[in-house]
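Good morning. I will go through one structure today and keep to a few places on it. Please have the sequence and the 3D view open.

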Amino acid sequence: MLSKTKLMMILSGVVALIPVAIYLFLYSKMPDRVPIHYDGNMADRFVSKSSLEVILQSGLGCLGFIIMKLLQFLLQKAFIQSSNEPSAALSRIWNIAILVVTVVFAGISSYTFIRMV
């Protein structure tokens, strides 16, 4: 049986990959030039749908996940150096924070791809 921590990390990883899946699914339906920047409600910059910027946009969920895991690792290392063991409650809070940040980043990325079609 998976621990709650592993289950939360798997869930966060799956959520992080959703924008990549949406990008791959919608790629053929996207116009050749897609909006990449908006000034208010008007798109003011367009790029090719296969440009590096659009591909990086699909990785926002993964970026949020990686940043939060790195931050968790660095802060846990600081706790261990100060001889304080992180509590189970703190670990649960971190797992929830990782999931929330990943969902927000993946949501932003997914929303932009859905709007591109």
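Start with Glu 53 and Arg 45, whose side chains meet in a salt bridge, at 2.6 Å from N to O. Keep in mind that this is a predicted model. The count of salt bridges comes to 1.

Glu 53 has a relative accessible area of 33%, and Arg 45 has 37%. Buried would mean under 20% and exposed over 50%, so residues in between are called partly exposed. Glu 53 is therefore partly exposed, and Arg 45 counts as partly exposed too.

Next, the surface. Leu 2, Leu 7, Ile 10, Val 14 and Ile 18 make a nonpolar patch of about 440 Å². Take Ile 10 from that group: Ile 10 sits in helix H1, which covers residues 4-26. Its relative accessible area is 46%, so Ile 10 is partly exposed.

Rolling a probe the size of a water molecule over the atoms shows where empty space is left. The largest pocket has a volume of about 180 Å³. Which elements give two or more residues to its lining? They are strand E1, residues 33-39, and helix H4, residues 88-116. H4 provides the largest share, 4 residues. Among the lining residues are Pro 35, Ile 36, Tyr 38, Tyr 111, Thr 112, Arg 115 and Met 116. Gly 40, Asn 41 and Gln 57 also line the pocket. Sorted by class, the lining has 5 nonpolar, 4 polar and 1 charged residues.

That is the end of my part.

Notes:
Residues numbered from 1 in each chain as written. Predicted model: local features only at pLDDT ≥ 70, side-chain atom pairs only at ≥ 80, totals over all residues. Heavy atoms only, no water. 1 Å grid on protein atoms, 1.4 Å probe; cavity = no way out; pocket = protein on both sides within 12 Å on 5 of 7 lines; lining within 4 Å. Points joined across faces, edges and corners; volume = space filled by probe spheres on them. Nonpolar A, V, L, I, M, F, W, Y, C, P; charged D, E, K, R; others polar. Patch = residues over 30% accessible without salt bridge, like charges linked within 9 Å, V, L, I, M, F, W, Y side chains within 5 Å. Areas by Shrake-Rupley, 256 points an atom, 1.4 Å probe, with all protein chains shown as cover. Salt bridge = Lys/Arg side-chain N within 4 Å of Asp/Glu carboxyl O. Buried < 20%, exposed > 50% of the residue type's maximum accessible area, 1.4 Å probe, protein only.
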